[in-house]
Each structure stands twice: as structure tokens, then as C-alpha cells.
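User: Can you walk me through this one? I'd like to start with the charged residues, then look at the packing.
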Amino acid sequence: MAGVSRADYTLGHGSDDYRVTHYDLELDYKIGPNRLSARAALSAVAAGELSRIPLDLAGFTVKGVRVDGRTAKFTHRGGKLVVRPVRPVRGEFTVEVRYSGNPRPVASRWGEIGWDELTDGALVASQPTGAPSWFPCNDRPGDKATYRVSLTTASAYTVLVTGDLVTRRAGGSATTWVFERREPTAPYLMSVQIGRYDELVLDGVQRIAVPRRLRAAAAHDFGRQPEMMRGLTEWFGPYPFGEYVVVVTDDDLDDPIEAQGMAIFGANHVDGRRTFERLVVHELAHQWFGNSLTVAGWRHIWLNEGFATYAEWLWSEASGGPSAEALARDWRSRVGTDVAIGDPGVARLFDEQVYKRGGLVLHELRGRVGDEVFFGLLRTWVAGHAHGTVTTEDFIAHAERAAGVPLRDEFASWLG
């Protein structure tokens with residue numbers, strides 16, 4: 001499995017010079033003009049002595065920056081906000097950024113991603129490098145932090161942010177919503193959803209925000225989600241968050257979007273016939289694989305997508321559809337083999353092979369070690385790395401320990 005540097009995947013996003021421990025975001029958003037005025041306060045820890053602090057932030061107007069409470073100089077161009085504190089920082093430090101502008105998706109190798117306007121509202125879809133479209137951050141998946149997000153917007157709209165709603169203060173025409181994300185979260189997994197939504201409660205953990213016109217169809221299409229949750233909990237261990245919110249936008253979307261404790265579907269994914277049920281379980285599985293266990297770098301993305309794909313196959317079998325073996329056999333005969341899924345490169349990061357062959361890797365492992373060992377090692381993998389970061393090497397080592405046999409050569413063949 002050839003190595004590719006993190007920078008090759010993220011196109012210059014992120015820095016290893018420091019890590020962020022907490023983001024405090026205060027956002028004021030005007031929906032009609034798509035205008036965001038914001039303050040972001042970052043608590044961070046330097047790896048060494050820093051005379052410059054690089055942050056990722058798209059094309060806003062930066063009004064001022066302070067480091068440890070003191071005004072700091074900065075430059076802002078090309079999506080990089082480079083802060084120069086009065087004196088170098090060591091250990092713990094804080095950065096406060098005040099900025100405003102019209103948020104829009106950022107251009108990337110994978111298309112435009114990030115904050116986007118809906119016909120009536122807004123959404124955030126940041127995987128893999130769209131977080132700078134709405135807040136200054138250290139935009140790498142392995143830098144997980146806690147968050148507090150306060151968002152003020154017109155009272156006619158519902159606001160959903162990845163995290164627990166702690167307060168909601170209604171004024172005359174605007175309402176302020178405050179959310180806290182207590183579990184460590186990668187920047188790309190933070191999301192904001194704004195729209196005119198009804199709420200459907202599925203159980204004590206799961207609910208759906210949906211336009212009224214799609215309410216009945218969504219209730220049917222997502223109706224088996226509690227059963228899915230029970231199945232995934234049996235296979236992978238306890239659900240890792242306090243809530244799971246599905247948002248159905250009133251606009252069509254190319255693909256569903258994952259966020260921490262949340263998934264976003266387009267109106268086109270709801271038809272009242274459960275046509276897209278495999279996507280429902282796929283996005284739910286990402287709460288374990290991608291959200292709680294987050295890849296340390298994008299070269300390891302099969303640990304997200306292969307696992308979520310295999311969850312589709314397990315659910316198909318459990319719900320009376322084709323067995324995991326039948327689906328594996330079908331995809332083995334159909335999917336290409338020209339991508340090294342353990343290190344696919346930028347251009348093939350979201351290639352179908354990463355998904356389907358990633359699922360096949362797990363099916364091969366299951367066949368090699370047997371069901372008892374296989375599902376046991378998945379549960380201990382999840383429990384041992386909860387709310388942390390993971391790599392392919394971590395998983396191979398874990399599988400070898402759990403199985404008690406060498407597997408490295410087989411993984412090299414499966415992932416190559």
C-alpha cells in the first residue's frame with residue numbers, strides 16, 4: 001500500500017503545527033441576502049513555538065483577529081488566514097476571528113462543497129474540505145474538537161446544527177439557537193441546516209426534519225430506521241451519540257450527506273416506496289464509521305465507506321433481501337480493480353471501488369476468521385477507538401490481534 005501525504009489529499013488544507021480543542025462559533029445569518037456575520041473563538045494547543053498560525057477560511061472579509069486577547073496581524077488570501085501573534089505562542093492559546101460575507105461552497109478537486117443556499121434556506125455539506133466555507137478551522141479530519149454553535153436567523157425557520165440543542169431564544173423576528181457538540185468532531189462533520197421543517201420522532205434518539213409536503217412519504221421511507229439502529233448496535237456496539245437527526249431538504253441533492261449525529265437527504269431520495277433504503281442504512285452506519293471513528297487522513301477513507309457499504313449488505317440480509325454473500329458475489333464479478341483502495345489518491349477518493357471493494361474486504365475477512373471473531377473484532381474496534389482517529393494500519397493490527405493469525409499479506413492483496 002503506497003503512501004501518499006495528507007497534503008496531497010487535502011490540497012493544502014490543515015496544519016500539523018497545532019491542534020484545536022474547542023470551537024465557539026457565533027453566527028448571524030440573513031437568509032434572503034445570504035449574509036453571514038460571525039465570530040469564531042478557537043482554543044488550541046501548539047506542537048511547538050508558533051510565530052504564525054495558519055487557519056483555513058474561504059472568501060469572507062476578516063474584520064479583526066486576536067490571539068490570547070491581543071490584536072494580531074494577519075493575511076488572508078487563497079483560502080488561508082495566516083495569523084501572526086504579537087509574540088510566538090507555546091502550549092495552549094486562543095484565536096478569535098471576526099468575519100462577514102456571503103457564504104458559498106468552496107471549489108475543490110471533488111466539486112463545490114460547503115455552505116450552500118437552498119431554494120428556501122441553507123445547508124452545509126463539507127466532506128472532505130468544505131468546512132472553511134463557513135468558519136475558520138484547522139481543516140484536517142484527524143483534528144477533532146468540541147463545539148458550541150450559536151446561530152441567529154429568521155424565526156420562521158428551523159435551525160439544526162450537529163450537536164445537542166441547549167437553548168432557543170425567540171425575539172421579535174429572529175431566533176437564536178445554541179447547540180453544543182461535546183464529542184470530539186472533525187471540522188468536515190459539523191453541519192448547519194436551515195429550512196421550514198416539520199419534526200417526526202421515530203424513537204427516543206432518532207427524529208426527522210422534513211418539509212410538510214414530504215412528511216407522509218418520509219415517515220414510510222425512514223420507518224424502519226429504529227430496526228436498523230437495533231441491527232447496527234448488535235453488529236457494531238452501542239450507538240455512539242445522544243441523537244440522530246435526519247434532515248430531508250425541500251431541494252434535490254446529488255447524494256445524501258453525513259454529519260456527526262446527522263444525515264441529510266434530498267427531496268429526490270424520498271418517494272414513499274423505500275427505493276433508497278440502502279442509503280438510509282449507509283448514512284446511519286457512518287455514525288460509527290466516519291463520525292465516532294474518524295480517519296486520521298483521507299487515504300484511509302475505505303474505513304468509512306467500505307464499512308458503511310458492508311452495513312448495507314448486512315441490513316439487506318437481515319431485512320429479507322439478498323444475503324451479504326450474494327451481494328458480495330455480485331459485486332466481486334462487477335467492480336473494477338484498478339484502484340488501490342487502501343490509498344486511492346485524490347482523483348479516485350470517492351470511486352465506487354473504494355465503497356464496494358471496501359465492503360468486499362470486510363466480507364473476505366469475515367470468511368477468513370468466522371462470524372464470532374469477525375463481529376467481535378468489529379465491536380472491540382469501535383469501542384477501543386470511540387471518538388478518536390483511525391488508520392488502515394490500526395485496523396490490520398487490531399484484526400490480527402483479535403483473530404490470532406497473521407493477516408497483513410491478505411490485507412495487502414485485498415486493499416491493493
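User: Is aspartate 28 buried, partly exposed or exposed?
Analyst: Aspartate 28 counts as partly exposed, at 27% relative accessibility. Keep in mind that this is a predicted model.

User: Which residue does aspartate 28 form a salt bridge with?
Analyst: Lysine 30. The closest N and O atoms of the two are 2.6 Å apart. Lysine 30 counts as partly exposed too, at 45% relative accessibility.

User: How many salt bridges does the structure hold?
Analyst: It holds 31. One of them pairs aspartate 16 with arginine 140, with the closest N and O atoms 3.5 Å apart. That pair links distant parts of the chain, 124 residues apart.

User: Where do those two sit?
Analyst: Both are in loops. Aspartate 16 is between helix H1 (6–10) and strand S1 (18–30). Arginine 140 is between strand S11 (121–125) and strand S12 (145–154).

User: And arginine 140, buried or exposed?
Analyst: Buried, because its relative accessible area is 15% and the cut-off for buried is under 20%. Aspartate 16 is partly exposed, at 49%.

User: What does arginine 196 pair with?
Analyst: Arginine 196 forms a salt bridge with aspartate 120, closest N and O atoms 2.6 Å apart. Arginine 196 is partly exposed at 46%, and aspartate 120 is partly exposed at 32%.

User: Which residues do shared partners join into one network?
Analyst: Glu26, Arg39, Glu96 and Arg98.

User: OK, packing now. Which residues of helix H6 are buried?
Analyst: H6 covers residues 324–334, and its buried residues are Ala324, Leu327, Ala328 and Trp331. Down the helix axis they fall within an arc of 100°, so they line one face.

User: Why would spacing like that put residues on one side?
Analyst: An α-helix has 3.6 residues a turn, so residues three or four places apart point the same way.

User: What covers that face?
Analyst: Among other things, helix H5 (302–318) and helix H7 (352–369).

User: Last one, phenylalanine 265. Where is it?
Analyst: In strand S21, residues 262–265. Phenylalanine 265 is buried, at 1% relative accessible area. Its contacts include Phe222, Val248, Leu253, Pro256 and Leu279.

User: How far is it from tyrosine 310?
Analyst: Phenylalanine 265 and tyrosine 310 are 20 Å apart in space, C-alpha to C-alpha, and 45 residues apart in sequence.

Technical notes: Residues numbered from 1 in each chain as written. Predicted model: local features only at pLDDT ≥ 70, side-chain atom pairs only at ≥ 80, totals over all residues. Heavy atoms only, no water. Buried < 20%, exposed > 50% of the residue type's maximum accessible area, 1.4 Å probe, protein only. Helix = DSSP H or I, 4+ residues; strand = E, 2+ residues; numbered from the N terminus. Arc of directions from axis to C-beta. Contact = heavy atoms within 4.5 Å. Salt bridge = Lys/Arg side-chain N within 4 Å of Asp/Glu carboxyl O.
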